[in-house]
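This report describes how the elements of a two-chain model are arranged. Please keep the sequence and the structure in view while reading.

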Amino acid sequence: MSKFTKKKKGLPGISTASLPDIVFMLLFFFMVSTTMRQTDLMIKKPSLPTASEVKKLEHKSLVSTIYIGKSKDSRIEGDKIQVNDKIIDVKDVISFILSERAQRKEEEVKYMTTSIKADKNANVGTILDIKEQLRDINALKVSFSTTKGTDFSKNYQ
Amino acid sequence: MARRENSEINAGSMADIAFLLLIFFLVTTTMDVDSGIARKLPEKTDETPKVTIKEKNILDIVINRNNQLLVENENAKVQDIKKLAMDFIDNGGGLSQPKDGQPGQPCDYCNGAKDPKSSDHPSKAIISLTSSRGTTYGMYISVQNEIEMAYNELRNRLSLKLYNRSYKDLLKDYKDDPSEALKAKLDNLKDKYPQIITEPEPIK
């Protein structure tokens, strides 16, 4: 009566056959959502101010970013402006925007936005100078980059 | 010699390879969504049109280099600006700007105090933000944020009254489904409370 002989029962191992599938799924998710950091900051990382009435920036490919902050070298005073991988003068903002425009299609130019990522301790004078430059070449869409939040007390001290 | 059976490729290490890639992408991922306060700069024109604006239609906000605030020549705190701006915009003490040949209308949707010393109509109410070159950016953004809040709250109030839906929800709906009807609603709200912010030359 071999039918009734008890089989030796061991603990069945957990099948790991589906592990690669799960991992691949995660992998694809991260691959798709990854954006490689294009710019190395040469200035101190700007600590953005906080605001509550923020709008998300759409069409990432149409955004050109201008960084404003202090130099990494603490002996150097004043605000520095960085675009792409170099520190520039206020006057060069125009040529930066023009070169950004040249890379886009003509019909997309009017949707281009300039995102200003400035440190909360930067001077408004610098920002206003840049705004004036942007007005000169009709780059009128501007977004002041902020972190979303409701605690504004750290914005000004 | 016995012919070798076509053996299957061992897939056991597949998971390891995938893990390696996964960890790489995990580390390099930055999921920052860029968000900020959107502003449209005024176009530059050669000739400046001469317009006369009554003093009462301007809310004058000044920030000095020590981040101190003056609103209509009185000391104020950042938190107060929203209320001051809302009272000012929503006052509705007079007639609107004459539009398309029609004479000005009184503001029938304003809930303000109808103070004759404050603004006439939301379409005439101008907020002037003068900052010093030495003002810090954080302060400047806070004030801009408060002004934005004031406009958003007013539009929200009107939106709830007219369409039973908050302004934010309408914006979200429009993003999900950009239809003409929604756009007309949003344009109507924006038209009722237009954002008129002017930034004069900074004080040196």
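In strand β6(B), T198(B) is the bridge partner of S128(B). The model is predicted: local features need pLDDT of at least 70, side-chain atom pairs count only at pLDDT 80 or more, and totals for chains, interfaces and linings use all residues. Residues are numbered from 1 along each chain as its sequence is written, and chains are lettered from A and ligands numbered from 1 in the order in which they are written.

**Chain B and its sheet**

Chain B holds 5 helices and 6 strands; helices (H or I, at least four residues) and strands (E, at least two) are DSSP runs, numbered from the N terminus. Along the sequence these elements follow the pattern α-β-β-β-β-α-β-α-α-α-β. The radius of gyration of chain B, taken over C-alpha atoms, is 27 Å, well over the 17 Å that the globule rule gives for 204 residues, so chain B is more spread out than a compact globule. That rule is 2.2 Å times the number of residues to the power 0.38. The C-alpha trace of chain B spans about 110 × 45 × 35 Å along its principal axes.

In chain B, 5 strands form an open sheet in the order β4-β3-β2-β5-β6, with mixed pairing. Two strands pair if DSSP finds at least two bridges between them. Strands β4 (74-76) and β6 (197-198) of chain B are the edge strands, and each pairs on one side only. The table lists pairs of strands from this sheet, each with a pair of opposite residues.

| Strand pair | Bridges | Direction | Opposite residues |
|---|---|---|---|
| β2(B) (residues 58-63) and β3(B) (residues 69-71) | 3 bridges | antiparallel | I61(B) and V71(B) |

Strands of a sheet pair through backbone hydrogen bonds, either parallel or antiparallel.

**A helix pair in chain B**

How do helices α3(B) and α5(B) cross? The axes of α3(B) (residues 137-163) and α5(B) (residues 180-192) come within 10 Å and cross at roughly 130°. Axes are lines fitted to C-alpha atoms, for helices over the stretch in contact, and angles run from 0 to 180 degrees between N-to-C directions. This angle makes α3(B) oblique to α5(B): angles under 35 degrees count as roughly parallel, over 145 as roughly antiparallel, 65 to 115 as roughly perpendicular and the rest as oblique. The crossing of α3(B) past α5(B) is right-handed; a crossing is left-handed if the near helix is turned anticlockwise from the far one by less than a right angle, and right-handed if clockwise.

R155(B), L158(B), S159(B) and Y163(B) of α3(B) make the contact with K185(B), L189(B) and K192(B) of α5(B). Two residues are in contact if their C-beta atoms, placed from the backbone, lie within 7 Å. By class, the residues of this contact are 3 nonpolar, 1 polar and 3 charged. Ala, Val, Leu, Ile, Met, Phe, Trp, Tyr, Cys and Pro count as nonpolar, Asp, Glu, Lys and Arg as charged, and the others, Gly among them, as polar.

**Where the chains meet**

The contact between the chains takes 49 residues from chain A and 41 residues from chain B. On the side of chain A that touches chain B, α1(A) gives the most, with 9 residues. This side has 25 nonpolar, 13 polar and 11 charged residues.

An open sheet of 7 strands has the order β2(A)-β1(B)-β7(A)-β6(A)-β3(A)-β4(A)-β5(A), with mixed pairing. Strands β2 and β5 (86-88) of chain A stand at the edges, each with a single partner strand, so one side of each is left without a neighbour in the sheet. Strand β2(A) pairs with β1(B) (residues 35-40) in the antiparallel sense over 2 bridges. Here K55(A) stands opposite G36(B), and K56(A) stands opposite S35(B).

The axes of α2(A) and α3(A) come within 9 Å and cross at roughly 50°. These two helices are therefore oblique to each other, and α2(A) passes α3(A) in a right-handed crossing. V93(A), I94(A) and I97(A) in α2(A) meet I130(A), Q133(A), L134(A) and D136(A) in α3(A). The residues of this contact divide into 5 nonpolar, 1 polar and 1 charged.
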